[in-house]
Amino acid sequence: QFERVRVIYKYALDRIPKQEAQNLFKNYTIFEKKFGDRRGIEDIIVSKRRFQYEEEVKANPHNYDAWFDYLRLVESDADAETVREVYERAIANVPPVQEKRHWKRYIYLWINYALYEELEAKAKRTRQVYQACIELIPHKKFTFAKIWLLYAQFEIRQKNLPLARRALGTSIGKCPKNKLFKGYIELELQLREFDRCRKLYEKFLEFAPENCTSWIKFAELETILGDIDRARAIYELAIGQPRLDMPEVLWKSYIDFEIEQEEYDKTRNLYRRLLQRTQHVKVWISFAQFELSAGREESLSRCRQIYEEANKAMRNCEEKEERVMLLESWRNFEEEFGTETTKERIEKLMPEKIKKRRKLQAEDGSDAGWEEYYDYIFPEDTANQPNLKLLAMAKLWKKQQQESEAAEMDPDKDIDESQS
């Protein structure tokens with residue numbers, strides 16, 4: 001009577017306390033291996049694992065990893081009602097502290113629950129799960145952009161665009177975040193609702209005016225739509241902001257925009273305005289390369305003039321490596337496009353590289369030895385003239401020393417010279 005035996009085992013396992021059921025489980029497993037089929041053996045293994053997970057979540061209800069394992073097990077084996085019951089038990093264990101780091105694992109229980117309901121084709125229940133989760137999160141302290149965006153995407157899959165927009169609009173009103181703005185704008189772009197995109201960009205930039213990427217994307221949108229004046233106005237507003245997270249990227253984008261429009265005078269004006277803010281060597285080199293690529297008759301002379309200006313401006317630069325970088329770029333330009341005269345001129349401007357030593361000090365002020373480093377002496381700098389003369393004399397002396405040593409090493413040469 002195998003079926004009756006199986007019923008007795010199951011009846012016992014449902015009623016005997018878990019800690020006392022180990023021996024019973026062992027006997028039940030042996031019975032199934034002897035007399036049961038594959039399905040029966042799988043059932044007993046699943047039951048055993050369920051008992052283990054039950055013990056874990058009872059011992060610590062906020063062990064969300066144990067809940068995930070438990071849910072994975074019941075989803076693969078149990079009916080929908082049982083799965084829902086376990087999900088409801090899991091999400092009832094709200095983190096006791098309102099800090100985002102404690103909620104990060106917990107919120108994925110809600111996400112998995114919603115996805116499970118959607119896969120079960122229960123649209124109404126899925127909506128209820130998302131809405132209950134959104135009500136539970138303390139948005140004044142922190143929020144999860146992922147939940148808002150997943151809910152909006154669900155409503156779009158249900159072809160319910162007004163609810164998706166309402167959800168994202170509420171999210172921006174309650175807890176504005178860069179990710180939410182980007183998600184909402186991306187949605188409207190896919191729907192080709194460009195007026196809505198403009199309004200969203202305006203709201204976004206009111207909320208985060210330092211975000212250079214958003215300014216650039218807004219200007220690119222207007223460029224694609226063919227409204228060049230609006231794009232230029234956006235760039236002007238952007239570079240006028242008192243605080244920006246990536247100003248160099250923004251200026252480069254604005255300059256590239258004007259070059260694409262073939263507005264070369266406006267591009268030159270932009271470079272001049274940028275050089276009033278920063279004298280960085282890369283700006284000067286970029287300006288020179290722009291003049292070279294303008295493709296007009298005077299482009300070579302304009303490019304050379306920029307290098308001349310840059311060299312004068314950087315004479316007082318503390319970072320000598322930047323000045324060397326500029327001169328090397330200038331030398332490359334002259335080697336390709338210059339005359340013999342201009343090539344000789346740039347060679348005279350190139351610095352001498354010398355090795356120096358300096359004393360090091362530890363944090364407590366004690367001596368920490370010496371270190372060697374390289375320094376540059378520029379011929380143009382009048383203060384360096386004595387150093388260059390001294391360097392030239394040292395080189396000459398070294399050459400003479402090497403010649404005299406070579407003569408001493410080769411006496412036959414001296415005899416030949418005396419005979420001649």
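Start at the lining of the largest pocket: select helices H14, H15 and H16 (281–293), which each supply at least two of its residues. Helices here are DSSP runs (H or I, at least four residues) and strands are runs of E (at least two), numbered from the N terminus. This is a predicted model, in which local features need pLDDT of at least 70, side-chain atom pairs count only at pLDDT 80 or more, and totals for chains, interfaces and linings use all residues. Residues are numbered from 1 along each chain as its sequence is written, and side-chain values use heavy atoms, with hydrogens and water left out.

**Stop 1: the pocket**

The largest pocket has a volume of about 400 Å³. Its lining has 16 residues; select Glu 248, Trp 251, Lys 252, Leu 274 and Val 283, the closest to the centre. Which helix gives the most to the lining? H14 does, with eight residues. Now colour the lining by class: eight residues are nonpolar, three polar and five charged. Here Ala, Val, Leu, Ile, Met, Phe, Trp, Tyr, Cys and Pro count as nonpolar, Asp, Glu, Lys and Arg as charged, and the others, Gly among them, as polar.

A pocket is found on a 1 Å grid over the protein atoms alone: it is an open set of points where a 1.4 Å probe fits, with protein on both sides within 12 Å along at least five of seven lines, and lining residues have an atom within 4 Å of a point. Grid points are joined across faces, edges and corners, and the volume is the space filled by probe spheres set on the points.

**Stop 2**

Leu 275 counts as buried, at 6% relative accessibility. Buried means under 20% relative accessible area, exposed over 50%, and partly exposed in between (1.4 Å probe, protein chains only). Show its contacts (heavy atoms within 4.5 Å). Leaving aside neighbours within four places in sequence, Leu 275 meets Val 283, Trp 284 and Phe 287. From Leu 275 to Phe 287 is twelve residues in sequence and 9.7 Å in space, C-alpha to C-alpha.

Next, select Glu 291 in helix H16. Is Glu 291 buried or exposed? Glu 291 is buried, at 2% relative accessibility. Leaving aside neighbours within four places in sequence, Glu 291 is in contact with Arg 268, Ser 299, Arg 302, Cys 303 and Ile 306.

**Stop 3: two loop residues**

Go to the loop between helix H14 (247–260) and helix H15 (264–277) and select Glu 262. The phi of Glu 262 is near 60°, a positive value in a residue other than glycine. Most residues other than glycine have a negative phi. Glu 262 is exposed, with a relative accessible area of 58%.

Now select Lys 159, in the loop between helix H8 (145–157) and helix H9 (161–174). The phi of Lys 159 is near 60°, again positive in a residue other than glycine. Lys 159 is exposed, at 79% relative accessible area.

**Stop 4: Arg 165**

Step into helix H9 and pick Arg 165. Arg 165 counts as buried, at 16% relative accessibility. Not counting residues up to four places away in sequence, Arg 165 touches Tyr 184, Glu 188, Leu 191, Glu 193 and Arg 196.

**Stop 5: the cores**

A nonpolar core is a set of buried Ala, Val, Leu, Ile, Met, Phe, Trp, Tyr and Cys residues joined through side-chain atoms within 4.5 Å. In the largest core, of 96 residues, Trp 67, Leu 109, Leu 250 and Leu 326 touch the most other members. Helix H6 (residues 100–119) gives the most to this core, with nine residues. A second, separate core has seven residues, including Leu 13, Ala 21, Phe 25 and Phe 31.

Centre on Trp 67. Not counting residues up to four places away in sequence, Trp 67 touches Val 57, Pro 61, Val 86, Arg 89, Ala 90, Asn 93 and Leu 109.

**Stop 6: a strand**

Select Arg 358 in strand E1 (residues 352–361). Arg 358 is partly exposed, with a relative accessible area of 40%. Arg 358 and Trp 370 are twelve residues apart in sequence and 5.6 Å apart in space, C-alpha to C-alpha.

**Last stop: the whole chain**

Zoom out. The chain has 21 helices and two strands. Of its 420 residues, 37% count as buried. Colour by pLDDT, the predictor's confidence in each residue, from 0 to 100. The average is 79, and 83% of the residues score at least 70. Over residues 413–420 the pLDDT is below 50, and this stretch has one contact in the model beyond near neighbours in sequence. Where pLDDT is low, the predicted coordinates should not be read in detail.
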